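The sequence and structure follow.

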Amino acid sequence: MKISHIEHIGIAVKSLEEAIPYYENVLGLKCYSIEEVADQKVKTAFFKVGEVKIELLESTDPEGPIGKFIEKKGQGIHHLAFAVDGVDEALTEVEANGVALIDKKARKGAEGLNIGFLHPKSTLGVLTELCCE
């Protein structure tokens, strides 16, 4: 597996409406995309910082993964996403190295990326996403 860069950092927030002004007005970043990913029960907002993106994640359902994350841990960093050449190949490789997977195969995520998550119990407590176009 070859990681080319950090693709994005996912940050769980209670409200995009409340969080976006902080990123735009205080940090001077520009939100360039807002979309809903219905199957993940989340609404996202993206910012670019150089080559790395910041993905704000607002739950659309308290029983969804972001809703449960905020209930347990509050707002904050949710996951770290690395860009790889191929998600399916990377998932196979890390699983062969003993890493527990949340996704056995790539699925579609925000911005139409192919994504797959590694379980944080195998990644030193960091929910890790592998993604590619």
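## Cysteines

The predicted model contains zero disulfides, a disulfide being a pair of cysteine sulfur atoms within 2.5 Å. The cysteine sulfur closest to that of Cys131 belongs to Cys132 and is 7.4 Å away, which is too far for a bond. Cys132 is likewise in no disulfide.

Cys131 is buried, at a relative accessible area of 1%; buried means under 20%, exposed over 50% and partly exposed in between, with a 1.4 Å probe and protein chains only. Cys132 also counts as buried, at 12%.

## Sheet and helix

Eight strands form an open sheet with mixed pairing, in the order β2-β3-β4-β1-β5-β8-β7-β6. Strands β2 (31-37) and β6 are the edges, each pairing on one side only. Strands are DSSP runs of E of at least two residues, helices runs of H or I of at least four, both numbered from the N terminus; two strands pair if DSSP finds at least two bridges between them.

Strand β5 (residues 76-84) pairs with β8 (residues 128-132) in the parallel sense over four bridges. Phe82 stands opposite Leu130 in β8. Helix α3 (residues 87-96) lies across β5, β7 (114-118) and β8, at about 15° to β7. Axes are lines fitted to C-alpha atoms, for helices over the stretch in contact (heavy atoms within 4.5 Å), and angles run from 0 to 180 degrees between N-to-C directions.

## Confidence and conventions

Mean pLDDT (the predictor's confidence in each residue, from 0 to 100) is 96 for the protein, and 100% of its residues reach 70 or more. Confidence is lowest in β6 (residues 107-108), at a mean of 94, and highest in helix α1 (residues 16-26), at 98.

Residues are numbered from 1 along each chain as its sequence is written, and side-chain values use heavy atoms, leaving out hydrogens and water. In this predicted model, local features need pLDDT of at least 70 and side-chain atom pairs count only at 80 or more, while totals for chains, interfaces and linings use all residues.
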